[in-house]
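Subject: Structure handover

Hello,

Here is the structure I promised to pass on. Please open it next to this email and follow along.

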Amino acid sequence: SIDREQLIRILAEAKDGDRIPLLVTGGSMVPFLFDQRSLVFLEKDSAYVPKRGDIVFFARPNLSLVLHRVVELREDGTLLINGDAQSWTEVISPDQILAHVTHIQRRVKPFSVENSFYRFAVKLWMPLRRAHPVLMKPFFYANCLIFKLSRRYQAKYPRR
């Protein structure tokens, strides 16, 4: 596990095209990314132009690091950003973006965020943004229960 300063140093030293794996922490991106179970691959790219639906890794003015989705490209050049499990948004400028997600790994094999099934799911999900907290409550609790039960099972029957 790397801390915030190490991650900033790694991103600062990365060259265009470098991919940096990052374990997701927090539940703001459920159902697409899961706390402590999803691994994303961040790519640093100085020529990157954000698109609606992309997941970007950015620094807030208070220097906290966040992984959220681009909801809207605004006429003034700023971006409206939102976590998939949240209803509120925030506005950032493109220069706050440190990297963008190119691949997601949930189990064994990573998949590209350009995958047609993934893009289709994002297109279905995005118009429901205002209803996300209501839609996510039953999903979140069921998911937590499954995760806790799987942890208990793994503790009781560890792999050899």
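First, a term: contact means heavy atoms within 4.5 Å. By that rule, and leaving aside its neighbours within four places in sequence, V101 is in contact with V40, F41, L42, I55, L67 and V113.

Some ground rules. This is a predicted model, in which local features need pLDDT of at least 70 and side-chain atom pairs count only at pLDDT 80 or more, while totals for chains, interfaces and linings use all residues. Residues are numbered from 1 along each chain as its sequence is written, and side-chain values use heavy atoms, with hydrogens and water left out.

Overall layout

The protein has 3 helices and 8 strands. These are DSSP runs, numbered from the N terminus: helices are H or I with at least four residues, strands are E with at least two. Along the sequence the pattern reads α-β-β-β-β-β-β-β-β-α-α. Of the 160 residues, 38% count as buried. Buried means under 20% relative accessible area, exposed means over 50%, and partly exposed lies in between (1.4 Å probe, protein chains only). Take the contacts with a separation of 6 or more: residues 24 or more positions apart account for 54% of them.

Strands around β2

β2 (39–43) is mostly covered, with 4 of its 5 residues buried. β2 pairs with β1 in the antiparallel sense over 5 bridges. Pairing requires that DSSP finds at least two bridges between two strands. I20 has L42 in β2 as its bridge partner. β2 also pairs with β7 (residues 97–105), again antiparallel and over 5 bridges. There, F41 stands opposite H103 in β7.

T102 counts as buried because its relative accessible area is 9%. Its side chain makes a polar contact of 3.1 Å with that of H103. A polar contact is a pair of N or O atoms within 3.5 Å; within protein, one must be able to donate a hydrogen and the other to accept it, and residues adjacent in sequence count only if both atoms are side-chain atoms. Beyond four places in sequence, the contacts of T102 include R19, F41, E43 and F111.

Two cores

A nonpolar core is a set of buried Ala, Val, Leu, Ile, Met, Phe, Trp, Tyr and Cys residues joined through side-chain atoms within 4.5 Å. The largest one has 22 residues. L33, V40, L42, I55, L67, V101 and I104 have the most contacts inside it. The elements giving two or more residues to this core are α1 (4–13), β1, β2, β3 (55–59), β7 and α2. A second, separate core has 9 residues, including V70, L79, I81 and I92. In soluble globular proteins, nonpolar side chains tend to be buried together.

L79 lies in β5 (residues 79–82). Its relative accessible area is 3%, so L79 is buried. The C-alpha atoms of L79 and V91 are 5.5 Å apart, though the two residues are 12 apart along the chain. Leaving aside neighbours within four places, L79 is in contact with E90, V91 and I92, among others.

E90 lies in β6 (residues 90–92). Is E90 buried or exposed? E90 counts as buried, because its relative accessibility is 16%. A polar contact of 2.7 Å joins its side chain to that of R60.

Aromatic rings

The whole structure holds 3 aromatic pairs. Rings of Phe, Tyr and Trp (its six-membered ring) pair if their centres lie within 6.5 Å; planes under 30 degrees apart count as stacked, over 60 as edge-to-face and the rest as tilted. F32 and W125 are edge-to-face, 6.4 Å centre to centre with 70 degrees between the planes. This pair links distant parts of the chain: F32 is in the loop between β1 and β2, W125 is in helix α2 (residues 116–125), and they are 93 residues apart. Both F32 and W125 are buried.

F111 and Y118 form a tilted pair, 5.8 Å centre to centre with 50 degrees between the planes. F111 is partly exposed, because its relative accessible area is 22%. Y118 is at 4%, so Y118 is buried. Ring pairs link F32, F111, Y118 and W125 into a cluster.

The charged end of R69 sits over the ring of F32, 5.0 Å from its centre. The rule here: NZ of Lys or CZ of Arg within 6 Å of the ring centre and within 35 degrees of the ring normal.

Best wishes
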